[in-house]
Amino acid sequence: MTQGTVRTDILDTARSQVLTDGIGLTESQTLEVLQLPDDRLDELLALAHDVRMTWCGPEVEVEGIISLKTGGCPEDCHFCSQSGLFESPVRAVRLDIPGLVEAAKQTAKTGATEFCIVAAVRGPDERLLEQVSAGIQAIRNEVEIDIACSLGMLTQDQVDRLAAMGVHRYNHNLETSRSYFPNVVTTHTWEERWNTLRMVRDAGMEVCCGGILGMGETLEQRAEFTADLATLQPDEVPLNFLDPRPGTPFGDLNVLPATDALRAIAAFRLALPRTILRFAGGREITLGDLGAKKGILGGINAVIVGNYLTTLGRPAEADLDLLDTLRMPIKALNSTI
């Protein structure tokens, strides 16, 4: 910076560019936000909340998730206790169709509009696809709820079949930035995940794609990740925070500091002003109850209620009570499921 010039404050830039014009921050601008000092955190969160209210509105989308197949996965995602390659306490189990329907019913009772069927696999085999198809039909016979799936990497034929089943949204996380991905997974590539997401989008399903923060990535790589997502333009971005799992390669990493997590939430909102930004795994250990409130008032506009795949979440009632206290209405079920 030459003598006599004044650097424009990044939050002033964001007020004009994002809040007023609805244009997300660039990678370099997002990095500036991630580098803001703690004494500006409240100002940042307030701006992110204003952006969320302006471009998304006050509604909060509530979702429940259930694991159709837990554990025994052949991939080596270093954060995941479901990998069959690690000495973790999670063992392979499958859920039957009646159990799937009951989970969907319980999810719907919370007011959730989205129910996601998840399987710990590299990609679905024929048996799993047939079970998913039967499960979706059984749920539709009993419950009015949008159904999403997260079944790993897909072929074009599998994408087409899921779309024909009426899957509303498909989740497949990029997990982290392209440059850091080889430090997280070695049994498949970032590009393989990207190709699945591209096919899902082209087939007309909504794209749900996010990742996990606090896996050892730098702030530069965190900003890079927001730029990757901005290019993809997913309908929803679930934000997870690493909850180190015993027996995994990342089991000894430190939990992300709450201030860093909140700064990241706001930065993702400013980079993706119109996207559903969902509180997901790890928020309990990273943020606690106070942090949950700050996150919802700092850019978050969707939550997963209840438990996650292998870790405990907050009781659904606690999240619903918080939304009521904050006067955040739960998004109504879309009538065109």
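The protein has eleven helices and ten strands. Helices (H or I, at least four residues) and strands (E, at least two) are DSSP runs, numbered from the N terminus. The model is predicted: local features need pLDDT of at least 70, side-chain atom pairs count only at pLDDT 80 or more, and totals for chains, interfaces and linings use all residues. Residues are numbered from 1 along each chain as its sequence is written, and side-chain values use heavy atoms, with hydrogens and water left out.

Of the 337 residues in the protein, 55% are buried. Buried means under 20% relative accessible area, exposed over 50%, and partly exposed in between (1.4 Å probe, protein chains only).

Helix 1 covers residues 10–20, and its buried residues are Ile-10, Leu-11, Ala-14, Gln-17 and Val-18. Seen down the helix axis, these residues fall within an arc of 135 degrees, so they line one face of helix 1. The arc is that of the directions from the helix axis to the C-beta atoms. Their cover includes helix 2 (27–34), helix 3 (41–55) and helix 9 (258–271). Asp-9 caps the N-terminal end of helix 1, with a side-chain oxygen 3.0 Å from the backbone nitrogen of Leu-11. Just after the helix, Gly-22 takes a positive phi of about 75 degrees.

Gly-22 also lines the second largest pocket. A pocket is an open set of points on a 1 Å grid over the protein atoms alone, where a 1.4 Å probe fits, with protein on both sides within 12 Å along at least five of seven lines; lining residues have an atom within 4 Å of a point. By class, the lining has five nonpolar, four polar and one charged residues. Ala, Val, Leu, Ile, Met, Phe, Trp, Tyr, Cys and Pro count as nonpolar, Asp, Glu, Lys and Arg as charged, and the others, Gly among them, as polar.

Most residues other than glycine have a negative phi. Gln-233, not a glycine, has a positive phi of about 55 degrees. Gln-233 lies in the loop between helix 8 (219–232) and strand 8. At 56% relative accessibility, it counts as exposed. Glu-175 has a positive phi near 75 degrees, but is buried, with a relative accessible area of 8%. Its place is in the loop between strand 5 and helix 7 (190–202).

Arg-169 belongs to strand 5 (residues 169–171). At 2% relative accessibility, Arg-169 counts as buried. Its side chain makes a polar contact with that of Glu-236 (2.5 Å). A polar contact is a pair of N or O atoms within 3.5 Å; within protein, one must be able to donate a hydrogen and the other to accept it, and residues adjacent in sequence count only if both atoms are side-chain atoms. Leaving aside neighbours within four places in sequence, Arg-169 is in contact with residues including Glu-61, Glu-114 and Arg-278.

Key: Contact means heavy atoms within 4.5 Å.
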